[in-house]
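The notes follow the order in which I checked each item.

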Amino acid sequence: MRTHFIAIGGSAMHNLAIALKDKGYHVTGSDDAIFEPSKSRLEKKGILPEELGWFPEKITSDIDAVILGMHAHQDNPELAKAKELGLKIYSYPEFLYEQSKTKTRVVIAGSHGKTTITSMILHVLNFHQKDVDYMVGAQLEGFDCMVKLTEDNDFMVLEGDEYLSSPIDLRSKFLLYQPNIALMSGIAWDHINVFKTFDDYIEQFRRFVASITPGGVLVYNEEDAEVVKVVENAENYFRKIPYKTPEYEISNGKVLLKTEMGDIPLSVFGAHNLLNLEGARHICHTLGIMDEDFYDAIMSFKGASKRLEKVEREDKGILYKDFAHAPSKVKAAVKAFCEQFKNEKKYSFLELHTYSSLNPIFLEQYDHAMDGLDEAIVFYSEDALKIKRMEPISPDLIKEKFKNENLKVFTNAEELHAYWDLLDKTHGVYMMMSSGNFGGLDLTK
C-alpha cells in the first residue's frame, strides 16, 4: 500500500509513518519544518523528506492513501493536488480507525490523565507479553514507537484526544474510533480556541459516549461530576464501570497502594496518578489481566514522558518536569507535588504557552492553581503573544486570576533564566510545568 503524509514531521504523524513503514507499506511525506526527535527517527527509517517544503508533484494517482496532519493548512498545494486526482484523504484518527476496524478498540479519553492511563495499560500488557496494537501520545520506556499496527493483533489501545482531526475534518479525533471499550477520566474545559463555551466542549464527550458500540463497556471516573452527568444522560446501551481514587499512604517518601493483597509500592506519586492507576486496572481487567498480575506489573511503571518525570541533573538536585498547562492538570500536579514533598521547600514554575492559557477569559480557570508552594513562578513570553496576535497581558492580571499575590511573574526569557541560575538546585525540590521549554531553559544544569 502506498501512503503519503502531508506534514509528516508532527509528533503523532511521524510515529504513524514509522509504524506503517514497519508494517511494510510504501511511505513518503512532506513538511515545511521537521524538528528533533522526529527528524532523526524518520531518517533512520529512510522516510525523511529530502528537502523541506510542499511538492505537488509528489502526489500521484498510484497513492492509495493521503494522510493529512493538523500542521498543514486548507490551501496546502499537495492537498489541492490530492483532491484534484480524487485520492482518498484521511485524517490521522480516521486512518487509525481504518487500520483497526476489525479489532476490539479500547479508547482512553478525558481532559486529563488519558496519556498516563494509556501508558499504564500498555506497560502492564507489555510486562505480561500481551501483544496489542496501540497509539499513545508519549514516549514510553520499553517501546520504540508511539504507534503499532499489525494484521494479527485482536486489540488496539488508543489514546482518545478531543482536539480536531484535521484542517478539513473538524470533528474531535476520538469521535472517529467507535470504541468497544472506553474510559473517561475527567472533563475540564480546554482548547478554548476551538470550543468557545464549556457546553460546546462537554458536547464532544457526550458524542464520544454515544459512539461506543452497542453492548460495549465504559469505565468512568465517578469522582468527576461532569463525567457522571454525561454517563447518566447517555441514551445508548453499554456496560458502566465506575472507579475512584484507591486508598494509599506515603511512607518514607514512598507511595504505598493499599490492596487486599497487601501494600503495593509504586514508582509514581500523586492522588491523580492513583486515580489514573485505578482506571487502568479496570481496563486491564476487561482485557483479561487479573488484579494480582496488574499490581505485579504496575510497581515498575515510572510514568509517561513529561508526566511528573524526574530529570537527572548534573548537581543531583531533585527536579520533575510535567506537561501540565491546562488548569486542571496544573492543580493536580501541584497538589501531588506538595503532598509528596511536604517537608521540603517547593519551587514550581509554570509556562503559559497555549492559546487557551494566554486567553484572559480562560485565565479565570487557574484560580489558586499554584497554592501550597513555597515559591510559585509563572512565565509567559510577550513575543509569543505577538506571534499569536493576542492582546498583551500584564503580570498583575496573572496574579489576580491565579488569586496569588506572592506569585513571581516573568515575561522575558532572559530574566527568567537569570533568576533560575541564581537558585541552588541542591536545596529544595523543583517542578517545571509546560508544553513548551521556558524559552530554551536547560533543566539538566
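I worked on a predicted model. In residues 3-101, I found the end C-alpha atoms 18 Å apart, with 38% of the span in helix and 16% in strand. The UniProt record, an unreviewed entry, lists these residues as "domain: Mur ligase N-terminal catalytic".

I then traced the open sheet. Its 7 strands follow the order β7-β6-β8-β5-β11-β12-β13, with mixed pairing. Why is one side of β7 and of β13 left without a neighbour in the sheet? Both β7 (147-148) and β13 (238-243) stand at the edges with a single partner strand each, so one side of each has no neighbour there.

Next I looked at individual pairings. Strands β5 (residues 104-109) and β8 (residues 155-160) run parallel and are joined by 6 bridges. I noted that valine 107 is placed opposite leucine 158 of β8.

I turned to the helices on the sheet. Helix α7 (residues 225-232) packs on it, in contact with β11 (181-184), β12 (216-221) and β13. I recorded an angle of about 155° between the directions of α7 and β12. Helix α8 (residues 271-286) lies across β5, β11, β12 and β13, and runs at about 145° to β13.

Last, I examined β12 and β13. How many bridges pair them? I counted 6, in the parallel sense. Valine 219 has isoleucine 241 in β13 as its bridge partner. Which hand does the β-α-β crossover from β12 through α7 to β13 have? I recorded this crossover as right-handed.

Methods: Residues are numbered from 1 along each chain as its sequence is written. This is a predicted model: local features need pLDDT of at least 70, side-chain atom pairs count only at pLDDT 80 or more; totals for chains, interfaces and linings use all residues. Side-chain values use heavy atoms; hydrogens and water are left out. UniProt positions are given in the numbering used here, feature names are shortened, and annotations may be inferred rather than shown by experiment. Helices (H or I, at least four residues) and strands (E, at least two) are DSSP runs, numbered from the N terminus. Two strands pair if DSSP finds at least two bridges between them. Contact means heavy atoms within 4.5 Å. Axes are lines fitted to C-alpha atoms, for helices over the stretch in contact, and angles run from 0 to 180 degrees between N-to-C directions. A crossover is right-handed if, with the strands pointing away from the viewer, the path from the first strand over the helix to the second runs clockwise.
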